[in-house]
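Hello,

Here is the structure for you to look over. My notes follow below it.

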Amino acid sequence: MYSRLATVTRHDGQRVLETSARGYDVLRDPALNKGDAFSSQERRELGLDGLLPDAVAASIEPQAELAYRHYSSQPTDLAKHLYMLRLHDINETLFYALMQRHLLEMLPVVYDPIVGEAIEHFSEAYTRPRGLFLSIDKADEVETMMRGFGAQADDIDLIVASDAEEILGIGDWGANGIDISIGKLTVYTAAAGIDPNRVLPVVLDVGTDQERLLNDPTYIGYRHGRVRGEAYDDFIDRYVQAARTLFPHALLHWEDFGSTNCRRILRRYRDSMPTFNDDMQGTGAIVLAGLFNALKVTGTRWRDQRVVILGGGSAGVGIADQIRDQMVRDGLDAGQATRQIWIVDLPGLLTEDMRDGLLDYQRPYARPAGEVSGWAKTPTAVDSAAAGRWPRMVALQEARATSGIIGLQTVVEQVKPTILIGTSTHPGLFTRPIVESMASGAERPIIFPLSNPTPLAEATPGQVLGWTAGKALVATGAPFDDVAVGGVTYKIAQANNAALYPGLGLGAIVCRAAKVTDEMILAAAKAVADEADVSAPGAALLPSNGDLRTTSSVVALQVAKAAQDQGVARVKLDDPVEAVRRAQWWPEYCPVVAV
């Protein structure tokens, strides 16, 4: 959390906080507060004598041990999430020290999947304000409100913004979406050591279409249906221009925007500033990392893969795009690579006769109607619950409800894919007949049920491995326990973007990248893949989230090198390894000096 009361300096290489605050103002600032770890001299100079008990903690360790006991005593994961929020509001360094010591355990609680539950209850749990709430109702005041944050031009390295239209698997949550920006930045710091005092969480509040929120007297956001069209675009542009004016070096991260907006926004700004969309680019890259290792195990080439993706939203098509580009790098032309990817969504297999109902980024993957005219069709029930989130897809589904759709099982039977990926947010859609059909056509089928949180997975790893007698290569979007099949224990890789985007962001920040290029993202994917050893039977395809600090450091180094090689680094790094090391923030108490 950016602190207006402290200035960071370095004395003989040591990080020091200088502050004019005194007494309770010091203790109320989470960036300054050390609790009973303030030294006797600090207490005297900062006016803390009498405001703290007499004993002086020798280190952060006793505090971290006590905080972990309090954390562990919470009755539910949501209660643990809220405890961590309160701890962050009291003592930021202790919050991250606790996360650092229990990263594998706490990452799903502090961020995904429990952050989704916290967002649903955010208005009830909202306590201390953090970040910026920018409302389209006050579009003319965006720059003024951003100035009100109090940071100077060189103070902010990273801004995460969301309009909260498609939060994880739970949809539109309006201003509550500030928690997704806060959570994302928490992972950036915990995983890559990006200084939490140099980041800014933002929610771009353009209203909400969720009646539950609009009729909730405790809802904190703009009470209006979600604004779209020209007014929306103008608001986004005002935000971008204000951010670039006030914080010209900051990387702009877009999070959980709706599928109709996320690509359009990224396309508009990505060539003129450092910007990144994790749902598209990060998801595609972490899946690419898993596939690099899966193909290493199978000994096959990218150009020979046949890929079926269930889910044609921003994540699914983002994955498709990066697989296509990798096939091109392996020698295929773009047209042929595209033809080796099949996308199935609510109306079934995407085909060219759906063109008017498809989004622009889906259209390249639509199959010629004549190509599939003889494929079996199955009746389908209309998913009315999805109408608010994917109106075009639901409309297409309604149009085909009577005649039937070309469903996933038919596509798998006809295509005989080597790779099956799920981003549908619908549980159980990778059924046993589908998985067995795929296994009959591929010696080592690659099956990634990526929807999260855990209850939304298209299949569990235990099911996939059991139905394929352990032949499948599996990665999931949510955490799963190991699976034992046929005497082999399979470590389940989690294709969690947290292994990739923090290091990508750090690398871009360290070299002050002018933009985030496809080559930088590819470098990140390869670096993540290289951190996993897949030589042993049952080995995970991706590194453990318990090793995120190491993985992120390696990713940052490779990203910075790629940026330099491409000429988009605005800072020349004579020693990239040392530059990455020095840029990383660690949750350790540093001296607080009264000025």
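Strands β4 (residues 158-162) and β5 (residues 199-205) pair in the parallel sense over five bridges. Strands here are DSSP runs (E, at least two residues), as helices are (H or I, at least four), numbered from the N terminus; pairing takes at least two DSSP bridges. Leu-158 stands opposite Val-199 in β5.

Before more detail, the basis. This is a predicted model: local features need pLDDT of at least 70, side-chain atom pairs count only at pLDDT 80 or more, and totals for chains, interfaces and linings use all residues. Residues are numbered from 1 along each chain as its sequence is written, and side-chain values use heavy atoms, without hydrogens and water.

The sheet is open and has five strands, in the order β3-β5-β4-β6-β7, with parallel pairing. At its edges stand β3 (132-135) and β7 (275-277); each has a single partner strand, so one side of each is left without a neighbour in the sheet.

Now Lys-34. Its place is in the loop between α1 (24-28) and α2 (40-46). Lys-34 is buried, with a relative accessible area of 6% (buried: under 20%; exposed: over 50%; partly exposed in between; 1.4 Å probe, protein chains only). Its side chain has a polar contact of 2.9 Å with that of Glu-42. It also reaches the backbone oxygen of Cys-590 at 3.2 Å. A polar contact is a pair of N or O atoms within 3.5 Å; within protein, one must be able to donate a hydrogen and the other to accept it, and residues adjacent in sequence count only if both atoms are side-chain atoms.

Cys-590 is itself buried, at 9% relative accessibility.

Best wishes
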